[in-house]
Amino acid sequence: MRIAVIGVGHLGRHHARILATLPEVTLIGVADTNLQRAREIAEAHGIEAVTDPLALPGAVDAVVVATPTASHAAVATPFLEAGIAVLIEKPLARSLAEADALVALARRTGATLAVGHTERFNPALTAARPMLTAPRFIEGHRLGTFPDRSLDIDVVFDLMIHDIDVVLSVVDSGIAAIDAVGVPVLTPRFDISNVRLRFDNGCIANLTASRISRDRTRKIRFFQPESYVSVDFAAQELDVWRLVRPPAGAPSIEGGPVPVSRDEPLRLELEDFVAAAAGRRDATVTGEAGRQALELAQRITEQMVSVR
Ligand code: NAD
């Protein structure tokens, strides 16, 4: 499969690095409006560098779009129009209208459209998933230090959208209510935000995201009637505790760390995309799933009470 990476900044260079190692893939080129950056990455792989994605050499079977979110739709559209498989980094697009158009276009041409919600491939979450049978309360924290990128979007679209997507993949129910608060601290956008989602089935998800923290935290905890499942995305660690009711005597709480086969989530995401592009199956995170995460992120920001 001939694949190119479009946008080889912070994240795109990792896509290129990993794609170059996948047995089924030939990395044929990279495109970046910053030619120097494109050349640096291309030279490392002995491939061609271009500034215009449409000038990528020869025919491509698939592309990865890792440009800033504002350009996702414009960059991906010509490839989807040509029926070429596209993996678009999260968030899928800068607006719901653009996301709708991308999903509809992929459906019309039959092109695979996958969205880079990388945490879905985190081995700690994968190990936890069979245990997530009836979450009633979910607590998510995604905190980071102040970045030099993605400051043109609210923290909800940059960080919280990962947990929004994870929660939507776990809780199969509509949203009954949203309570959200955000604080613009160092930028005019929301730099820290908390949302409480109430689902139709009664489950509550309380998510906090911050890009102005001192430490880096990426954790989500699931509380169920008789068990507690804690996922640390950064450490790829899983803790599970269960209420054990013996036939006689007092109940006890038992559990602890569960072994996780650590792996690079981005590599798992790319392998999934390659399998989907080869027609073996749907991508795990489809365009529709990326659109749903974006829609909820948008609803959250629309209802955000701003604390200034
Ligand atoms: P970045 O600014 O470091 O890199 C973007 C690159 O795209 C730059 O090199 C820029 O020159 C290039 N570029 C800009 N417009 C272009 C265009 N029209 N055509 C070709 N190249 C273009 O940004 P980043 O941090 O790598 O983020 C890129 C995307 O990845 C964003 O959508 C971001 O939200 C997403 N992201 C996802 C994760 C994840 O965990 N899945 C993590 C970080 C970033």
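**Entry 1: Q236**

I started with Q236, which turns out to be buried, with a relative accessible area of 9%. The cut-off for calling a residue buried is under 20% relative accessible area, so Q236 qualifies. A reminder to myself: this is a predicted model.

Where does Q236 sit? I found Q236 in the loop between β12 (227–232) and β13 (237–244). Next I looked up what Q236 touches, leaving out residues up to four places away in sequence. My list reads N122, P123, A124, V260, R262, D263 and P265. I also checked the backbone: Q236 has a positive phi of about 55°, although Q236 is not a glycine.

**Entry 2: a cis bond**

Then I went to the peptide bond that joins K90 and P91. Cis or trans? I noted it down as cis, with omega at about -15°. P91 belongs to the loop between β5 (85–89) and α4 (96–109). K90 came up again when I turned to the ligand, as one of the residues that come nearest to it.

**Entry 3: the ligand**

Which residues come nearest to the ligand? Out of 22 residues around it, I wrote down D32, R37, K90, T118 and R149. I sorted the shell by type and got 6 nonpolar, 11 polar and 5 charged residues.

For E89, a polar side-chain atom is 2.9 Å from a ligand nitrogen. With T69 the ligand atom is an oxygen, 3.1 Å from an N or O atom in the T69 side chain. How much of the ligand does the protein cover? On its own the ligand has 860 Å² of accessible area, and the protein covers 82% of that.

**Entry 4: the whole chain**

Last, I zoomed out. I counted 8 helices and 15 strands in the protein chain. The radius of gyration is 20 Å, close to the 19 Å that the globule rule gives for 308 residues, so the chain is as compact as a globular protein of that length. Along its principal axes, the C-alpha trace spans about 70 × 45 × 40 Å.

What share of the residues is buried? My note says 51% of the 308 residues, and Q236 from my opening entry is buried too. I looked at contacts with a separation of 6 or more as well: residues 24 or more positions apart account for 66% of them.

Methods
Residues are numbered from 1 along each chain as its sequence is written. This is a predicted model: local features need pLDDT of at least 70, side-chain atom pairs count only at pLDDT 80 or more; totals for chains, interfaces and linings use all residues. Side-chain values use heavy atoms; hydrogens and water are left out. A residue is near a molecule or strand if one of its heavy atoms lies within 4 Å of it. A polar contact is a pair of N or O atoms within 3.5 Å; within protein, one must be able to donate a hydrogen and the other to accept it, and residues adjacent in sequence count only if both atoms are side-chain atoms. Accessible areas come from the Shrake-Rupley method with a 1.4 Å probe; for residues, only the protein chains shown count as cover. Ala, Val, Leu, Ile, Met, Phe, Trp, Tyr, Cys and Pro count as nonpolar, Asp, Glu, Lys and Arg as charged, and the others, Gly among them, as polar. Helices (H or I, at least four residues) and strands (E, at least two) are DSSP runs, numbered from the N terminus. The radius of gyration is taken over C-alpha atoms; the globule rule is 2.2 Å times the number of residues to the power 0.38. Buried means under 20% relative accessible area, exposed over 50%, partly exposed in between (1.4 Å probe, protein chains only). Contact means heavy atoms within 4.5 Å.
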